[in-house]
Amino acid sequence: MVLNPRQYAGTALKNSYARDNVAGSMMPATTIALSIVNVHPASLAEMETDMLTFGIEEEFVFLDPDTLSPAHVAPAIQRELLATGYKITEVQHEFFQSQIEFASPIFDSREVAVDSLSTFRTALLSVAAEHGVVVAGTGTPYQKSSAPIMTEDSRYEEIATVVAALSQEHEINGLHVHVGIPDPESGLRCLNSIRRWLPTLMAISANSPFWCGVDTGFASWRAIQSRRWTTAGCPPHFTDAQDYRNRVNALIGIGGTPDSGSIAWYARLSEHQPTLEIRVADAQLQPWSSILLALLCRGLVATCLDFAPCSQPEPTSEFMDAALWHGARYGMSGQLVHPLHQRLVPASEAVACLLETITPALAASEDLAAVSSLLLQLQVRGSGAQQQRAHYAIGGRDALAVLFSSSAAPSIGFGEDDGYGDVANVPWPGSASSPVG
């Protein structure tokens, strides 16, 4: 695939990202501060109309409807989906035979992405129903498999041999977003800049509270599972693209890193496409949250490309490691590290900072209204982890199975009137006055 990244000038906005007082106008902690930046039309007119292209990789796990443990039906379901016209590059196998991945085409607009994800989920649900299994967009299954069956693949076999017992617990599923970049140096600049935003993206996407049939206490247990691998978490800060390449090459052959594709940082330069790949998110229950995360990632990359570097001190690797652990533990239900000021604040304030920072980019791509609406849906419905816990509290494993089955439906979150138009003062799920625990 050859991506055609947008390269606009936007000189009138050039120092917006360098402000020191971004958090100065945050609203009360119990609400998302959707105070949209007023972008002057003349500033937007200076931007070229071609927006950054992007792609989405969604991973799903098939579960037994009674036990919610992984069901090893992916090879058969993949064959049936390929028979309907999907390409082998789109419907891909994963590490275990209970998992499948949808690697989307290249998108240049939100509308095309929504249609593509919805169409695939419709097909996936139909075929899975014929096999009597539940399709779950979740970072970890409720119950791990007692005897997972690995996909027949020489590369997987090599990795499994090296990581030994870790391979048996690699039943984790993620959402990866690729955003087109003009060149490696631009991508490296974006990679450095996006580091500070990874804990916020993790919290928004957190969707794996259960493991081995119990509540782990974490919003993203997938994030904790992945920390045990040779490379994981926040990428280091690099001086330039050559420094990136040298340090990646030095890792190959060390531990469970047979090749550059097994570098498991939460953000990295793609080895095969001219993209920045952001890999911090858990797999998502609903398609609307997948779209939300993709648009947030594209907005961040556009902001990094077009605005002056952030004037705040660069967070250290150890600080980012701690911030990511904190985000995995509490998700959207407590405090997060502020992306710019590196202190704990209410989760809503961290999200508000993210939205305010990328508002000019979202306005330029005509995604501002959509992202604002989707963030309000997040506020009302809760993150995936919050929804899973709420359903489990009501009806245990059976209610969780219903949530997985209904949430994968492609229409959820994309109706013209979903009833979320006036929720600016709705408390965050998990707060004392919220109906969602």
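Is leucine 68 buried or exposed, and what is its relative accessible area? Leucine 68 is buried, with a relative accessible area of 0%; buried means under 20% relative accessible area, exposed over 50%, and partly exposed in between, for a 1.4 Å probe and protein chains only. The model is predicted, with local features requiring pLDDT of at least 70 and side-chain atom pairs counted only at pLDDT 80 or more, whereas totals for chains, interfaces and linings use all residues. Residues are numbered from 1 along each chain as its sequence is written, and side-chain values use heavy atoms, with hydrogens and water left out.

The protein chain contains 13 helices and eleven strands, where helices (H or I, at least four residues) and strands (E, at least two) are DSSP runs numbered from the N terminus. Of its 437 residues, 59% count as buried. Among contacts (heavy atoms within 4.5 Å) between residues at least 6 apart in sequence, 80% join residues at least 24 apart.

Leucine 68 lies in the loop between β1 (54–63) and α2. The phi of leucine 68 is near 60 degrees, a positive value in a residue other than glycine. Glutamate 366, also not a glycine, has a positive phi of about 60 degrees. This residue is found in the loop between α11 (347–364) and α12 (368–381) and is exposed, with a relative accessible area of 68%. Most residues other than glycine have a negative phi.

The largest nonpolar core has 92 residues, and Phe62, Ile77 and Val301 have the most contacts inside it. Such a core is a set of buried Ala, Val, Leu, Ile, Met, Phe, Trp, Tyr and Cys residues joined through side-chain atoms within 4.5 Å. Helix α9 (residues 287–306) supplies the largest share of this core, 13 residues. A second, separate core of twelve residues includes Leu68, Ala136, Tyr142 and Phe404. Not counting residues up to four places away in sequence, isoleucine 77 touches Phe62, Ile100, Leu124, Val127, Ala128, His131 and Val133.

Helix α2 (residues 74–83) packs against helix α3 (residues 110–130) at an angle of about 130 degrees, with the axes 10 Å apart. Axes are lines fitted to C-alpha atoms, for helices over the stretch in contact, and angles run from 0 to 180 degrees between N-to-C directions. The contact is made by Ile77, Glu80 and Leu81 of α2 together with Phe120, Ala123, Leu124, Val127, Ala128 and Glu130 of α3. By class, this contact of α2 with α3 has seven nonpolar, no polar and two charged residues; Ala, Val, Leu, Ile, Met, Phe, Trp, Tyr, Cys and Pro count as nonpolar, Asp, Glu, Lys and Arg as charged, and the others, Gly among them, as polar.

The axes of α3 and α9 come within 10 Å and cross at roughly 145 degrees. Arg110, Ala113, Val114, Leu117 and Arg121 of α3 meet Pro287, Ser290, Ile291 and Leu295 of α9. The contact of α3 with α9 has six nonpolar, one polar and two charged residues.

In helix α6 (residues 198–205), eight of the eight residues are buried, so the helix is largely enclosed by the rest of the structure. Phenylalanine 319, in helix α10 (residues 317–330), counts as partly exposed at 26% relative accessibility. Phenylalanine 319 touches Val337 and Gln342, not counting residues up to four places away in sequence.
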